[in-house]
Amino acid sequence: MDELEFMRGRVYGADHEDAGPRHGRVYGELVAGPLDGLLLDVTGWSAHDLAEVVALRTEIGRYGPGGRALYASRQADGRLFDWCGDIP
């Protein structure tokens, strides 16, 4: 199994031992960029929250450790979040 296959279907920010989605939670999928295929827990997010660009910490982006990947919801329902770039 390669790294991309390992990460697909895992929840961003979850412990490695228990990184799968949980029943009763709502997830959006991160599309492209360094976090491609990870799920983002958006449970309880308002329409305003879903409309905002989110900066997610990642060590595998352009800026390495401490850098962030920017993602914006493609649709109002927050099902898909497209990568917008990286920031330090």
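Visitor: What makes L38 count as buried or exposed?

Guide: This is a predicted model, in which local features need pLDDT of at least 70, side-chain atom pairs count only at pLDDT 80 or more, and totals for chains, interfaces and linings use all residues. Residues are numbered from 1 along each chain as its sequence is written, and side-chain values use heavy atoms, with hydrogens and water left out. Now the label. Buried means under 20% relative accessible area, exposed means over 50%, and partly exposed lies in between (1.4 Å probe, protein chains only). L38 has 8% relative accessibility, so L38 counts as buried.

Visitor: Where does L38 lie?

Guide: L38 is in the loop between strand 1 and strand 2. Helices (H or I, at least four residues) and strands (E, at least two) are DSSP runs, numbered from the N terminus.

Visitor: Which residues make up the largest nonpolar core?

Guide: This core has 11 residues: L30, L35, L38, L40, V42, L50, V54, L56, A69, Y71 and F81. Strand 3 (54-58) and strand 4 (67-73) each give the core at least two residues. A nonpolar core is a set of buried Ala, Val, Leu, Ile, Met, Phe, Trp, Tyr and Cys residues joined through side-chain atoms within 4.5 Å.

Visitor: What is V42 in contact with, leaving aside its neighbours within four places in sequence?

Guide: Contact means heavy atoms within 4.5 Å. With those neighbours set aside, V42 is in contact with V26, Y27, G28, L50, G78 and F81.

Visitor: Why is F81 called buried?

Guide: F81 has a relative accessible area of 0%, so F81 is buried. F81 lies in strand 5. Beyond its neighbours within four places in sequence, F81 has contacts that include L30, L40, V42, W45, L50 and Y71. The C-alpha atoms of F81 and H48 are separated by 14 Å.

Visitor: Why is the pair of W45 and F81 called edge-to-face?

Guide: Rings of Phe, Tyr and Trp (its six-membered ring) pair if their centres lie within 6.5 Å; planes under 30 degrees apart count as stacked, over 60 as edge-to-face and the rest as tilted. A search of the whole structure finds 1 aromatic pair. The ring centres of W45 and F81 are 6.2 Å apart and the planes stand at 80 degrees, so the pair is edge-to-face. W45 lies in the loop between strand 2 and helix 2 (47-51) and F81 in strand 5, so the pair ties together parts that are 36 residues apart in sequence. W45 is partly exposed, at 27% relative accessible area.

Visitor: How many salt bridges does a search of the whole structure find?

Guide: The search finds 4 salt bridges. A salt bridge is a side-chain nitrogen of Lys or Arg within 4 Å of a carboxyl oxygen of Asp or Glu. One of them joins D18 and R22, at 2.5 Å from N to O. D18 is partly exposed, with a relative accessible area of 42%.

Visitor: What does the salt bridge of D41 with R25 tie together?

Guide: The closest N and O atoms of D41 and R25 are 2.9 Å apart. D41 lies in strand 2 (residues 39-41) and R25 in the loop between helix 1 (3-7) and strand 1 (27-31), so the pair ties together parts that are 16 residues apart in sequence. D41 is partly exposed at 25% relative accessibility, and R25 is partly exposed at 41%.

Visitor: How do you know that D77 and R79 meet in a salt bridge?

Guide: Their N to O distance is 3.9 Å, and the cut-off is within 4 Å. D77 is partly exposed, with a relative accessible area of 42%. R79 has 52% relative accessibility, so R79 counts as exposed.

Visitor: Why does D86 have no salt bridge?

Guide: D86 is buried, and the nearest side chain of opposite charge, R62, is 6.4 Å away. Lys and Arg count as positive and Asp and Glu as negative; His and the chain ends are not counted.

Visitor: What does the side chain of D86 reach?

Guide: The D86 side chain reaches the backbone nitrogen of R62 at 2.9 Å. The side chain of D86 also makes a polar contact with the side chain of W83, at 3.0 Å. A polar contact is a pair of N or O atoms within 3.5 Å; within protein, one must be able to donate a hydrogen and the other to accept it, and residues adjacent in sequence count only if both atoms are side-chain atoms. D86 lies in strand 5 (residues 80-87).
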